[in-house]
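Visitor: Please show me the model. I want to ask what the terms rest on.

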Amino acid sequence: MTSTLEVGGARPPASVSRAGSIPPSCLHDAFRSAQAWELANGRPSIRLHVGEPAFAPPPAAVEALGAAAREGRTAYTSAEGMDPLREALAEKLERENGHRTRYDRIFITPGSCQGLAALMQSVANPGDEILLPRIHWPIHLQQALLAGLRPRFYRLDADFRPDLEALEDAGSERTRMILVNTPSNPTGAVLERPFLEAVLDVARRRGWQVLSDEAYEHFVFEGEHVSMASLERDVPEEERLVYSTYSFSKSYAMTGYRLGYVAVPNAAAGDALRVVQEASIVSPPTPVQYAALAALSDPDATARNHEAVRACRDRSLPRLVEAGLLRRVPEGGWYALLDLAPTGLDAEEFSARLLAEHGTAIAPARGFALRPELDADGRVVAVTEDPRLSTLVRVAFCGDGDQLETGVDRLVALATGGR
Ligand SMILES: Cc1ncc(COP(=O)(O)O)c(C=O)c1O
C-alpha cells in the first residue's frame, strides 16, 4: 500500500523542506482522536494509547524542583548539564548497568528523545544509513529522517528480536549506525545478552556505531536488563561503539519534566555531541536537574514503579492471550502489540469503533513500520505501509490497573462479540 503524501507527486516542490516532507507520528494521531472524543463526550476516555504512568514522580523530586525554582537556582548550566548530577549518573551506570564510564562522557538531555535526535546528528552525516528494527517507535524514524539519514530496516523474528542471520546483510557500505531498543516500544521484547553480543559483534565487523535506547531499562519482567555498553566495559574508550540513552520519564514517572541522559563512548564523541547541544538546547533545564538528583536519592522508586507496571501486566494481559489476540505476555516495557486478525477487522477500524462505542483509546500499529522513499536530498516522496501491521494495535499497560482492566474487558468484548 503506498500513500502519496500531501507534498504531492513523485517529488516534493522545492519549497518543501526535509522536515516538511516527513509524516507526522501515528501516536500523535491516536492522541488527537482520543482528545476529540473526550471533548465531544465531556468525559475522559480509557487511555490505553499512550505511555503515561499511573504512578507519580518521587515526592523528593517534586520538592527539589519547586525549591530550585523558588530559590532562584535557575541559571543556565553547561551544555552537558550539572557535574554533581553527571557524577551521580556515572555511579548509577556502573552500579546498576555494569556500564563503566566517566562523568564527563554523560550529557543531561531534555528527555532522552532529544538525546537520541542529537546523537543521530552528531554521529552520522546526511546521506549515511541507519538500521532500525522493522517494527520501531515512530519517533526513531522521524529523528533519522530529520538528521538526513537514510533508514534501512532489519528483520525481526516471531518474538520481535533481531533475526541474527539476516542482520549481517542488513546494511550496506553506507551504513553508519544501528539502533537497538530493549525493552522495546512497541513490541515489549527484551533482548537477552547473547542477542546483544551478536549485534555488537556484527556492528564491530561492519564498522557500525550502536545507538542503544534503554528508556525502559527498569521494566524487565522476565530475565534481566542488559545494557549494550556493559558488553564493552573492558574495551579501550577509543574503540568503543556504543552510545546509550536513558530516561527519567519511565523509571521515575517524570514524563513532563523532560529529562534524560546520554552516555557517549569516548571524548571525540563527546566533542561532537557538545556542539549539537550548544546549538540546540544551550543547557538542559536547571530546576529539573535538581529534581533528577533528588529522584536518584529515592532508593525504592524504580522498584516500586516496576512492581506497579508488572501488577497491571499480570492482572490484565493474560486475558488478551486467552482471547487469542496476543501471542505472549510481553517480557518488558510498557506496551503489548496485539493482533486483531481473528476479528476480521483492520486495526484502524477496530480502534475507531473501540473509541467511538466504548470510550477506549488504543493505537493502531501501522505507523510503527512505515517505509519512506527518499529523494536525493533526503526528503520523503512516498511512504509505503507494511501490510503485516494492518491488524496490529498497541496497548499501553503502565496506567491505572482498574482502567486497564475495564479497557481490556471492552476490547475483548468488541473483538469476540461477533464470534
Ligand atoms: C523507546 C522510547 N525511547 C525514548 C522515549 C523518550 O522518552 P523521553 O524523551 O520522555 O525520555 C520513549 C518515550 O515514549 C520511548 O518509548
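**Ligand, pocket and cavities**

Guide: A nitrogen atom of the ligand is 2.6 Å from an N or O atom in the side chain of aspartate 213. This is a predicted model: local features need pLDDT of at least 70, side-chain atom pairs need pLDDT 80 or more, and totals for chains, interfaces and linings use all residues. Numbering runs from 1 along each chain as its sequence is written, and side-chain values use heavy atoms, without hydrogens and water.

Visitor: Which residues are closest to the ligand?

Guide: Ser112, Asp213, Tyr216, Ser247 and Ser249 are the closest of 13 surrounding residues. To be near, a residue needs a heavy atom within 4 Å.

Visitor: Why is one space called a pocket and another a cavity?

Guide: Both are sets of points on a 1 Å grid over the protein atoms alone. In a cavity a 1.4 Å probe fits but cannot get out; a pocket is open, with protein on both sides within 12 Å along at least five of seven lines. By this rule there are four cavities of 30 Å³ or more. The largest cavity holds about 120 Å³, as the space filled by probe spheres set on points joined across faces, edges and corners. The largest pocket holds about 700 Å³.

Visitor: What lines the largest pocket?

Guide: Its lining has 28 residues, with Leu27, Gly51, Trp137, Lys250 and Tyr335 nearest the centre. A lining residue has an atom within 4 Å of a point. By class, ten are nonpolar, twelve polar and six charged. Gly counts as polar here, while Tyr and Trp count as nonpolar.

Visitor: How do you know that the second largest cavity lies between domains?

Guide: Domain 1 (2–56 + 301–416) and domain 2 (59–296) both give residues to its lining, so it lies between them. The bounds come from an automatic or database assignment. The volume of this second largest cavity is about 70 Å³. Helix 6 (residues 138–146) gives the largest share of its lining, four residues. A helix is a DSSP run (H or I) of at least four residues.

Conventions:
Helices (H or I, at least four residues) and strands (E, at least two) are DSSP runs, numbered from the N terminus. A polar contact is a pair of N or O atoms within 3.5 Å; within protein, one must be able to donate a hydrogen and the other to accept it, and residues adjacent in sequence count only if both atoms are side-chain atoms.
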